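Have a look at the model first, then read on.

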Amino acid sequence: MTTATMPQKSPLETRVGLDPLDTFARRHIGPSQDEIQRMLKALGCADLDELSDQAVPSDIRFDRTLDLPDALGEHALLERLAGMAGRNQIARSCIGMGYHSTVTPGVILRNILENPGWYTQYTPYQAEISQGRLEALLNFQTMVSDLTGMEIANASLLDEATAAAEAMAMCLNISKGKRFFVSEDCHPQTIAICQTRARALGVEVVVGGVDEVFADAADTSVDFAGVLVQYPTSDGRVECYQELCERAHERGALVVCAADLLALTLLRPPGEWGADIAVGSAQRFGVPMGFGGPHAAYIATSEKHVRRMPGRIIGVSRDAHGDPALRMSIQTREQHIKRERATSNICTAQALLAIMASMYGVYHGPDGLKAIATRIRGLTRALAVGLGQLGHEVNDEDLFFDTIRVRPTSDVAGVLLAASVKGINLRDFGDGSVGMSLGESADRELVRDILGVFGGNGDEDIDALCDGWSQAEYPGAFARASKYLTHPVFNSHHSETQMLRYITRLQSRDLSLANSMIPLGSCTMKLNATSEMIPVTWPGFARLHPYAPREQWDGYAELFETLENWLGEITGLPAVSLQPNSGAQGEYAGLMAIKGYHKSQNGAGDGRNVCLIPTSAHGTNPASAIAAGFKVVAVKCDELGNIDVADLRAKAEKHTQNLGALMITYPSTHGVFETTIREICSTVHEFGGLVYLDGANMNAMVGLCRLGDFGADVCHLNLHKTFCIPHGGGGPGMGPICATEALRPFLPGNPIGDGAGQSGAVSAANYGSAAILPISWAYIAMMGADGLKKASQVAILNANYMANRLREHYDVLYTGPHGRVAHEFILDCRGFDNSAGIKIDDIAKRLMDYGFHAPTMAWPVAGTLMIEPTESEDLAELDRFCDALIAIRKEIREVESGATDREDNLLRNAPHTIAHVASDAWSHPYSRKRAGYPMAWLRVAKFWPPVGRIDNPYGDRNLMCSCPPVDELAE
């Protein structure tokens, strides 16, 4: 055959044949093309576009392709991000300010941070299948309580500055005082966040020296609700605050101490000298700096204040068999129950990072932690002595831990330049003095190099500089005498073999996406792809200080700029801030931007203080509105679950003089694209308000419609949902906000220096939890515009397919005009209580026997289950879950018909543990096989709940939020 007669390929066919084959969208989207067609056929649709037309209102459909770069393959993506990481300069950071170099033990790095069995877990609401991370978080609480000398700690907060602001709110709730005092010796970002939070609430924050706060001993009037101090101070001094505490308590004020956990292995803990609340960061317990995060903050207090403490608290209870079991305690404080009366708007934490920090404490134990602290103090001592010998003025040499402040004899600019040449970052206080803080990775060479910057000759004997210095204790009232971390868990796993087995044992007690789908409505538990996760621990992203000089983070700058542009294009809202480090923080930042805008319009900020919120809203919405200084006015929903437009108009008109905002979730929390969304937005605008759109359900919209196009003024995006950052068992998360150009001046600013912006800062670091932003960048870059649109369409397809299969067995509560749902749907289970004595808790626990995590329970409608399958689950997994729910419905019918006892049945006794099923005694009227292996496919792979059903009321009545004594466990 001649060339002229050979079959010719088109240029497209030739190009496709030579393109890289590691395309990502087909790996991320679970159903194959054949499975997609089968599901579409079951729904009576010809293609995905037809289904999208039926689910998404035509007047908001996006009429073009998103302007995004062509999709990258996985290999090309990693090369591109490696290039960015390579443009970040890894200096030896001595800046301090709460961020320190640390050494992450390899056994923790590989087996927790880089392990999908840990990072794909969800928040432990279903405690029976969350015992591993609950134990690790209980260890964290115990570690924090022991080190701070406090009675109780929570399971982490977002960052140290946010924790300090939450402690301030606690003080204002507990004390009669109306002002709050912040020591000028606190970290600058902490001061900035407290000022932002207080300003929104109309609370005055006074910043000054602690000697000023209660200078007049005769004045015992209540004025300040609390006082915040830093221990050691931001410039390194160790101060005694015992007298301050006594004076504060005489006046009815509380004392909050921002304390360095590692220093507390040597220093007298705050709980012993009178502090009421302790806050801080666990970053230096094995968690990389990550250019600002994520890290686990902590808050600890006395038991009498526990119900005013924000965040989650892990407690010990017992299961149905009387065995010890762990759970989240005091769950009535969750925002979706208390709404505008919630203690805090924080609904997430930094669980994965708290777990890492707790494992760091377990691995090193009390002796190891003290040795690390003592070594750091010794190196700092050598540095201080050496600088003194060189003629420089050093702050109090005897009372410091890891940080010193130096007033050099030479020009500061020259010192900073010389340090930069040696690859060292120091802190410039701006007053002719320089700070330096040493971390775990510091060594003799670093000390010698710093001395060289200040005129040393480079051959100093670092050990000799420590001669005559006692490593034992601090003097007098500063030295720690009390023991800590005495529980066996901190004294048993110090070899890598022991530690690996402990981590693996805990992992085996938790269900994650590595086991099965987690169909939680409004939570978007989708694939966290390996290629997205790999760059997170690269040194070029992980080892940068958040306040490193600008010229050292060019790679990050490129990543931030492109990600902001992409998110602006996806939402139709071009002004983007990446600072909020959780969805709740994004809500708060967006509302503060709205408030700032109104204030700029003829000073109307204080007047436009009404926020309309539908009754179906997620509980963080009203809690965030209250935190931002708004008054919440509820808007009704109709019988179809949609916002009652007439009630909205009536409320907006009634409050026309002070309407500030509407907070709305779209698609609705009821799992439907409301057809009136344009009218809703225009109504709010008509009466002078702005529209805040909660982006929790963005996974149904990317590429199909844009928020800014149909009337939203600002939104937050849950990058830990739609854009693939993993949930990590309850954090980390990221909640960047996207806004119109009119709101750009009011986005969060840099928390240090003069850049806090007109609305202030909301996170301790300018770019929030920057180290996890490469995950979302990678997802968008590998999906491209077409892949992102298809992901949204398949998410809608999967939800509608499941709803269609289950409709014969359960009532699907809400649908749109064409009988379609969005990316999630609600099953109505309210009738089962009357017909069979079965509640949604029973269904949730029985699903565990089938190897599944339950859907979202009792929200947004009590007595219902909300299911969101995401686009990442294939048809076989969807069918398995549907088969499980259908089988459970059959089990309910057996109770309804009287064939099975209303009390002793498969659902009321669920979940069934292997110990229970294999026990000698079995008195139930059903077989062991039906209890433990209700489906044949479970014999191939079965996740066994490690404990039986947990007794929640018992846990609240007998609150224990630290590791229980071994003898009690034995009993």
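Start with helix H23 (residues 583-600), which lies across strands E17 (610-614), E19 (659-665), E20 (690-695), E21 (714-717) and E22, and runs at about 170° to E20. Keep in mind that this is a predicted model.

**The sheet and its helices**

- Helix H25 (residues 645-654) packs on the sheet too, where it touches E17, E18 and E19, and its direction makes about 150° with that of E18.
- The sheet is an open one of seven strands with mixed pairing, and its order reads E16-E22-E21-E20-E19-E17-E18.
- At the edges sit strand E16 (575-577) and strand E18 (631-635), each pairing on one side only.
- On average, neighbouring strands here are turned by 20° against each other, direction ignored.
- E16 pairs with strand E22 (residues 737-739) in the antiparallel sense, over three bridges.
- Within that pairing, Ala 575 has Ala 739 in E22 as its bridge partner.

**The cavities**

- You'll find nine cavities of 30 Å³ or more in the structure.
- The largest cavity holds about 220 Å³ of space, and strand E5 (224-231) and strand E6 (254-259) are the elements that give two or more residues to its lining.
- Its lining counts 24 residues, with Gly 98, His 100, His 187, Asp 260 and Arg 284 nearest the centre.
- Sorted by class, that lining has eight nonpolar, twelve polar and four charged residues.
- The second largest cavity comes in at about 140 Å³, and its lining has nine nonpolar, twelve polar and two charged residues.
- Of the 23 residues lining the second largest cavity, Tyr 99, Asp 159, Glu 160, His 295 and Ala 764 lie nearest its centre.

Conventions: Residues are numbered from 1 along each chain as its sequence is written. This is a predicted model: local features need pLDDT of at least 70, side-chain atom pairs count only at pLDDT 80 or more; totals for chains, interfaces and linings use all residues. Side-chain values use heavy atoms; hydrogens and water are left out. On a 1 Å grid over the protein atoms alone, a cavity is a set of points where a 1.4 Å probe fits but cannot get out, and a pocket is an open set with protein on both sides within 12 Å along at least five of seven lines; lining residues have an atom within 4 Å of a point. Grid points are joined across faces, edges and corners, and a volume is the space filled by probe spheres set on the points. Helices (H or I, at least four residues) and strands (E, at least two) are DSSP runs, numbered from the N terminus. Ala, Val, Leu, Ile, Met, Phe, Trp, Tyr, Cys and Pro count as nonpolar, Asp, Glu, Lys and Arg as charged, and the others, Gly among them, as polar. Two strands pair if DSSP finds at least two bridges between them. Axes are lines fitted to C-alpha atoms, for helices over the stretch in contact, and angles run from 0 to 180 degrees between N-to-C directions. Contact means heavy atoms within 4.5 Å.
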